[in-house]
Amino acid sequence: MSAVETADLRFMREEEKLARDVYLQLFDLWATPQFSNVAAAEQSHMDSMLRLLNRYRVADPAAGMTMGEFTDPSLQALHDNLMALGSASELAAVKVGGFIEEADMQDIVAAIDRSQHADIDQTYTRLLCGSRNHLRAYAAQFNWMTGD
């Protein structure tokens, strides 16, 4: 496995954790059902990434990390910024959900382009499908809240 593929696996594991953590925290603030539902799916995505990390004997960057805590400094800063934005209002929180899913999809597509392993591509493709569904859920909630 290349160094780039290893870095992508580590990043995707933490990016899925970021989504789960933010959604759980936003659910605690706003009790919007989409946050709880999507957080459960993000846990499944985290588990998928952990299986790949274990298969390829790559250290888990999320091991021992608490809610909202990340090894990658860029993800730590992103988490903190998104929580500040999402804490402002329920509508802002729903927008944060959409942003996370859009960013996640971009990162997954880029990781697929760099991957040379079919099992990793399969996992990334499942994550991409899940992110599309999550984005649709947040878009529907946004439309319901705004009447658009």
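**View 1. The salt bridge at R55 of the predicted model.** R55 has a relative accessibility of 51% and therefore counts as exposed, since the cut-off for that class is over 50%. In this predicted model, the side chain of R55 meets that of D119 in a salt bridge, with 2.7 Å from N to O. The pair links distant parts of the chain, with D119 in helix α5 and R55 in helix α2, and the two residues are 64 residues apart. Elsewhere, salt bridges that share partners join K17, R20 and D21 into one network. By the rule applied here, the count of salt bridges comes to 5.

**View 2. The salt bridge between R114 and D8.** The closest N and O atoms of R114 and D8 are 2.9 Å apart, and the two residues form a salt bridge. R114 belongs to helix α4 and D8 to helix α1, so this pair ties together parts that are 106 residues apart in sequence. The accessibility of the two partners is given for each residue: R114 is partly exposed, with a relative accessible area of 36%, whereas D8, at 9% relative accessibility, counts as buried.

**View 3. The salt bridge between R13 and D60.** R13 and D60 form a salt bridge in which the closest N and O atoms are 2.9 Å apart. This pair links distant parts of the chain, because R13 is in helix α1 while D60 is in the loop between α2 and α3 (73-86), and the two are 47 residues apart. Both R13 and D60 are buried.

View 4. A search of the whole structure finds 3 aromatic pairs. One of them is formed by Y23 and Y138, a tilted pair with 5.3 Å from centre to centre and 50 degrees between the planes. Y23 lies in helix α1 (residues 3-30) and Y138 in helix α5 (residues 118-146), so the pair ties together parts that are 115 residues apart in sequence. Y23 is buried, with a relative accessible area of 0%, and Y138 counts as buried at 2% relative accessibility. The ring of Y138 also pairs with that of F35, and since their centres are 5.6 Å apart and their planes stand at 40 degrees, this pair is tilted. F35 lies in helix α2 (residues 33-55) and Y138 in helix α5, so the pair ties together parts that are 103 residues apart in sequence. F35 is buried as well, with a relative accessible area of 0%.

**View 5. The charge of K17 over the ring of F70.** K17 lies over the face of F70, at 4.5 Å from the ring centre. K17 also belongs to the salt-bridge network with R20 and D21.

**View 6. Helix α5 and its buried residues.** Helix α5 has 29 residues and reaches 42 Å from its first C-alpha to its last, which is close to the 42 Å expected at 1.5 Å a residue. The buried residues of α5 include D119, I120, T123, Y124, L127 and L128, together with G130, S131, H134, Y138 and Q141. These buried residues pack against α1, α2 and α4 (90-114). Just after α5, G147 takes a positive phi of about 80 degrees.

Methods
Residues numbered from 1 in each chain as written. Predicted model: local features only at pLDDT ≥ 70, side-chain atom pairs only at ≥ 80, totals over all residues. Heavy atoms only, no water. Phe/Tyr/Trp six-rings, centres within 6.5 Å; stacked < 30°, edge-to-face > 60°. Helix = DSSP H or I, 4+ residues; strand = E, 2+ residues; numbered from the N terminus. Buried < 20%, exposed > 50% of the residue type's maximum accessible area, 1.4 Å probe, protein only. Lys NZ or Arg CZ within 6 Å of the ring centre and 35° of its normal. Expected span 1.5 Å × (residues − 1). Contact = heavy atoms within 4.5 Å. Salt bridge = Lys/Arg side-chain N within 4 Å of Asp/Glu carboxyl O.
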